[in-house]
Amino acid sequence: MIRIENLRKEFDKGVVALDSINLTFDEGSFIALLGPSGCGKTTTLNCIAGLLEPTSGSIYFDDRDVTNLAPKDRNIGMVFQSYALYPHMKVIDNIAFSLKQKGMPKAERHEKARQMARKLQIEHLLDRMPGELSGGQQQRVSMARALVKEPQVLLLDEPMSNLDARLKIEIRDEIRRIQQDLGVTSIIVTHDQEEAMAMADKIAILDNGRIQQFDTPEMLYHKPANLFVAHFMGNPPMNFIDASVEEEDGTLWLRGGSFRVKAPAAMAEKLAGKAGQAVVIGVRSHQMNVLLAPAEETMELHLSLVENLGKDIMISGDLDDALVRVTIPANFEGSYEQLRELRRQGGSVYLKLHEDYNIFDRESGVNLLI
Amino acid sequence: MKQNMRQKNMQAYLFLSPFLVFITVLYILPAILTVIMAFTSLDSAFIWKFNGINNFRKILMDPNTPIIAWNTVKYVGITIFLTVVLDLFFAIMTTYFIRDERKGNIFKSILMIPMITPGVVYSVLWLWLLEATPNGLANKVYMALGGSEPLNWIAQYPFVIIIAATLLTSIAYGTTVFSSAVKSIPENQFRAARVDGAGEWEIVRNIILPNLRFHITFIALWETLGLLTNYVTIMLITNGGPGVQTEVWALSAYHKAFSDSQYGYGAAISLVLIVVVMVLMLVIGAVMHHQEKSRS
């Protein structure tokens, strides 16, 4: 188990890079630190590695307080964005470097390096120099180097951002497979939400040096804690429509510039007593039905773009002041051609929300439904 | 297109030609003259008379030659070794251990002072410092520490003194080169090594030094060139003495040619040095080429 308590890091001139970071996760789990650049995710990782000294707070591996230990005393393996292989050593010596530092005899450490290389399918590269390897191969070598010492924690600092898109998917599956094989607790830093969703058991989303939400990929996607997380997760991005809460004869309504929809029963409970509050409706592109004619509680969307994405048809347009993207559902009554024609004429379609959208407070950005 | 390129080339040659002329007149011609002179018995009478390889035979016969050759090897070898070691020490200290670039640079600027001081001024400072009378600074310190008699430092430790004086002027260059080399090592390599269990000394040994191996070779060869041909410091401080204790090859060429007016003989001694230097330059070229190749 790894426990991070109230971690805070200030740099020179009082720049606060991290503030009140609290994370706890189990042995063997795979955690992602996700966020835009400058959010503090790499700083967090470096504090866990011991490469940076936190200003305050503590880090525990199991019950061992490692906050003030040097990196070499923490039993961690680390993979860097640029791989950071030692350019003057053969691959096998790169992998065995940490074992050499422990004073393990050459034959033994080479044997261990060979075993680890076999697991990562790079045995044929052991006698080469790092400069002779491709990016993907260097990546595997740096994984082998991090894992050969059987670390308690594996830290991955944007390990795939230098790879091309196809290799990225291959390597990320590989990392996940090895991680599960060895059962090593792992933390990955990434700015790619798709990567984080695909690999991690739980994701911590950071912004401005604070954790915005620490949850499973599913929860982050379906129940984002605030507008930042909602903006960050999912592709296409969530749609945001301004509205306000209205109460009429005990029924709660959401009123926008051009529409009024009834809040579903489950939602109404959470919104009780919030009449008059300015909110944002957060709805994903597949969380609504598309009609060709207006009906009760529909929202009018002025079409501006119709795209055929192969698997889906995606339309976009203006709804009040918001740009809204909708994935056309399978049960749509019209056709692609019809939509194209409609757009050419400057026409509209009508959206009917499903019941699983989210509502955020417009001022604080907090999700009002959780 | 092709015409255009040729015109551009012509222009480049045009711009370069003044320098080419200067170099030819001031450098290559004297060099050729020196080579020719090496096979003559030219002396103060200024009669060009070829005497075959007599001058070279004379070099071999001279009982001082082995001493001078050994002095040169000793002087260059010890100075190079100490220069490279000190360069590495200062570069690693100022760039790797002192993370504050400004403080490191202040220190490096101080190291540069001897290098930018004119050789004559610098040597006179040494003479003044090591004066044999009780008024010399070294003697004042020595006597304050309990020495009974003022020492004639230069007469007593001539070799140590010329090496120390040369050393001070040569460390700035290598330190600068090594510093920028240390700086260009990606930070993540240090981090990886630290995570892998390396202490600071292991990082120096396993990461920094191997990364600097080409720079070290280059500086060693480059400084060797400089030391082989430059004799100003020695000439001004000891002038090769006492006796021939600090006479090195280049200085002996100067002495033979200009003190004894044996121009032909002096030229022959220089020619031997030129051959050695040319071989060294070929080695440098090969090293640089190898470095380019292993980088790409």
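In this predicted model, the axes of helix α3 (residues 64–97) and helix α4 (residues 101–116) of chain B come within 8 Å and cross at roughly 155 degrees. Axes here are lines fitted to C-alpha atoms, for helices over the stretch in contact, with angles running from 0 to 180 degrees between N-to-C directions. α3(B) and α4(B) are therefore roughly antiparallel to each other, a label for angles over 145 degrees. Their crossing is left-handed, as the near helix is turned anticlockwise from the far one by less than a right angle. Helices are DSSP runs (H or I, at least four residues) and strands are E runs of at least two, numbered from the N terminus.

On the α3(B) side, B:Phe90, B:Thr94 and B:Thr95 meet B:Gly104, B:Phe107, B:Lys108 and B:Leu111 of α4(B); contact means C-beta atoms, placed from the backbone, within 7 Å. By class, this contact has three nonpolar, three polar and one charged residues. Ala, Val, Leu, Ile, Met, Phe, Trp, Tyr, Cys and Pro count as nonpolar, Asp, Glu, Lys and Arg as charged, and the others, Gly among them, as polar.

Turning to the two chains, 15 residues from chain A and 14 residues from chain B make up the contact. On the chain A side, β6 (76–79) and α2 (91–101) each supply at least two residues, and α2(A) gives the largest share, three residues. That side divides into nine nonpolar, four polar and two charged residues.

Residues are numbered from 1 along each chain as its sequence is written, and chains are lettered from A in the order in which they are written. Local features need pLDDT of at least 70 and side-chain atom pairs count only at pLDDT 80 or more, while totals for chains, interfaces and linings use all residues.

Methods. Parallel < 35°, antiparallel > 145°, perpendicular 65-115°, else oblique.
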